[in-house]
Amino acid sequence: MRSTRRPIDGVLLLDKPCGPSSNAALQQVKWLYRADKAGHTGSLDPLASGLLPICFGAATKLSVHLLTGDKGYRAIARLGIRTDTLDAQGRPISEGSIERIEVADIEAALAAFRGEILQTPPMFSAIKQGGTPLYELARQGIEVDRAVRQVRIDRLTLREWTPPFLLLDIDCASGTYIRSLVDYLGLALGCGAHVHALQRTWAAPFRQVDMVPMATLEALLGDLPALDAFLLPIEVMVAGMPAVSISGADLVRFSHGNPVVTAAPICQSIAVHDPNGRLLGIARSPDGIVIKAVKVLNR
């Protein structure tokens with residue numbers, strides 16, 4: 001039966017399972033919640049599990065501001081085999097010996113990938129070239145040049161080496177491809193490598209999080225109050241962002257997208273609240289005197 005959609009606002013910190021794409025997970029959650037509007041804040045590969053923030057209602061207007069936030073991962077890298085997709089779902093394209101690789105070799109190789117590095121996106125990615133996703137070209141056996149990009153690796157820690165598997169903790173800037181990072185590591189070690197398993201452990205501003213498994217949500221099918229209890233208020237999306245509070249006529253002006261004169265930090269992203277702490281939207285302040293609306297929620 002076709003379920004009746006309902007307007008809800010909030011954020012769900014979903015623990016995406018391995019297997020479904022991020023969009024498939026989103027559509028399942030949207031159906032479970034009978035939500036009329038929902039979106040996610042950054043794709044995970046089907047192979048990957050972990051944090052996938054789902055935004056409902058007015059929260060979808062702010063999702064783009066989470067796409068560029070830093071992220072954390074726990075990765076299992078399989079040394080000795082390189083694949084065409086750079087992960088365990090791909091076809092092996094080369095093999096190398098790992099017999100002489102020691103922890104000291106791995107630590108030395110990891111050091112070269114900390115900080116600002118250059119990275120080429122993998123062919124099996126959603127980046128579009130000429131309007132076509134690269135993964136569609138890759139499936140046809142077509143490889144094209146990709147622009148090299150600068151990414152940032154804040155933490156790259158070896159937790160365990162149990163041949164042929166490495167367990168790594170990674171904190172990085174948005175836009176970093178963990179598959180490419182592991183591939184580069186395998187090349188540096190001279191044996192090849194690919195991502196065997198990947199979990200996203202956090203995504204700014206959600207660093208210390210309690211994720212909700214999909215199975216938990218599915219077990220509550222039809223119990224909307226119980227499902228809604230997992231939702232976080234929209235205000236969590238701007239945690240740590242510079243903020244201002246407005247009221248009265250300024251509140252009305254801002255809600256219509258008009259500039260408001262108020263003391264504010266010179267910043268491109270400022271959370272704007274009413275006197276009760278309710279988020280009204282996001283603004284920028286080029287001069288510290290006037291705030292100009294970037295996103296208005298109008299809840």
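Predicted model: local features only at pLDDT ≥ 70, side-chain atom pairs only at ≥ 80, totals over all residues.
**Pockets**

Rolling a probe the size of a water molecule over the atoms shows where empty space is left.

| Pocket | Volume | Lining residues | Classes in the lining |
|---|---|---|---|
| Largest | about 1000 Å³ | 35 residues | 14 nonpolar, 14 polar, seven charged |

In the largest pocket, the lining residues nearest the centre are Ser43, Leu44, Asp45, Tyr177 and Arg179. Two or more residues of this lining come from each of helix H1 (22-33), strand E4 (71-79), helix H4 (134-139), helix H5 (178-189) and strand E12 (193-203).

Strand E5 (81-83) and H5 each give two or more residues to its lining. Which element gives the largest share of the lining of the second largest pocket? That element is H5, with three residues.

**Sheet**

Five strands form an open sheet with mixed pairing, in the order E14-E16-E17-E18-E15. Strand E14 (243-245) and strand E15 (260-261) are the edge strands, and each pairs on one side only. Strand E14 runs parallel to strand E16 (residues 267-273), and three bridges join the two. Across this pair, Val244 stands opposite Val272 in E16.

Terms used
Residues numbered from 1 in each chain as written. Heavy atoms only, no water. 1 Å grid on protein atoms, 1.4 Å probe; cavity = no way out; pocket = protein on both sides within 12 Å on 5 of 7 lines; lining within 4 Å. Points joined across faces, edges and corners; volume = space filled by probe spheres on them. Helix = DSSP H or I, 4+ residues; strand = E, 2+ residues; numbered from the N terminus. Nonpolar A, V, L, I, M, F, W, Y, C, P; charged D, E, K, R; others polar. Pairing = 2+ DSSP bridges.
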